[in-house]
Amino acid sequence: MITTPLSISRLPAVFHDGFYRVLGYIPSTPEKLAAFQNWGDANHRLPESEWREIDLDIYGLPVKNQGTTSSCVGHGATTGVELCVRQSGRPYQRFSPYFTYSQVNGGVDQGAMISDSLKALMRTGACPDELAPRGAMYTRQFPQACTAAA
């Protein structure tokens with residue numbers, strides 16, 4: 001449970017392994033780094049008096065493991081789609097987080113921004129997990145059936 005509001009703008013960009021990283025994302029340009037850091041300043045915070053605890057366990061969503069990849073945005077965005085499906089009353093369907101990540105990673109496992117993953121889901125849709133090859137992370141590795149089913 002989050003107990004304090006999170007301000008992205010207060011999170012430092014960390015220089016590690018020759019890359020700046022902000023919450024795991026490796027911005028490809030200084031402009032993207034600056035835009036990401038300023039994002040938090042543009043968003044209003046929900047007053048603490050309006051916070052409510054939510055138990056998502058009732059939806060029975062499995063926890064995903066991104067392993068050693070930088071695919072957290074694909075995992076998070078895809079889990080969001082799975083949650084929406086469950087909340088709508090339909091049976092659980094697992095979608096491929098790597099298919100979503102492949103739409104936004106530019107062919108390199110360097111992370112991405114959650115906003116890009118959400119735009120990709122709106123543009124392309126989510127691929128059922130059973131159609132996605134294991135270990136695939138780049139667009140060229142996914143069969144046409146993934147895009148067709150999404």
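Where is leucine 61 found?

Reply: Leucine 61 is found in the loop between H1 and H2. Helices here are DSSP runs of H or I with at least four residues, strands are runs of E with at least two, and both are numbered from the N terminus. First, the ground rules. This is a predicted model, with residues numbered from 1 along each chain as its sequence is written, and side-chain values use heavy atoms, leaving out hydrogens and water. Local features need pLDDT of at least 70 and side-chain atom pairs count only at pLDDT 80 or more, while totals for chains, interfaces and linings use all residues.

Leucine 61 has a relative accessible area of 22%, so it is partly exposed. Buried means under 20% relative accessible area, exposed over 50%, and partly exposed in between (1.4 Å probe, protein chains only). Setting aside residues up to four places away in sequence, leucine 61 touches Thr79, Glu82, Leu83, Arg86 and Tyr92. Contact means heavy atoms within 4.5 Å. The C-alpha atom of leucine 61 is separated by 9.5 Å from that of glutamine 93, 32 residues apart along the chain.

Take Glu82 next, one of the residues that leucine 61 touches. Glutamate 82 forms a salt bridge with lysine 64, with the closest N and O atoms 2.4 Å apart. The term means a side-chain nitrogen of Lys or Arg within 4 Å of a carboxyl oxygen of Asp or Glu. Glutamate 82 lies in helix H2 (residues 72-87) and lysine 64 in the loop between helix H1 (30-39) and H2, so the pair ties together parts 18 residues apart in sequence. Glutamate 82 counts as buried, at 0% relative accessibility. Lysine 64 is buried too, with a relative accessible area of 14%.

The whole structure holds two salt bridges. Arginine 94 and aspartate 129 also meet in a salt bridge through their side chains (3.3 Å, N to O). Arginine 94 is in the loop between H2 and H3, and aspartate 129 in the loop between helix H4 (114-124) and helix H5 (144-149), so this pair ties together parts 35 residues apart in sequence. Arginine 94 is partly exposed at 30% relative accessibility, whereas aspartate 129 is buried at 8%.

Beyond its neighbours within four places in sequence, threonine 69 is in contact with Tyr98, Asp109 and Met137.

Two of these partners, Tyr98 and Met137, are also touched by phenylalanine 142. Phe142 is among the residues with the most contacts inside the largest nonpolar core, which has 14 residues. A nonpolar core is a set of buried Ala, Val, Leu, Ile, Met, Phe, Trp, Tyr and Cys residues joined through side-chain atoms within 4.5 Å. Helix H3 (residues 97-102) gives the most to this core, with three residues. A second, separate core of five residues includes Ala77, Val85, Leu121 and Ala126.
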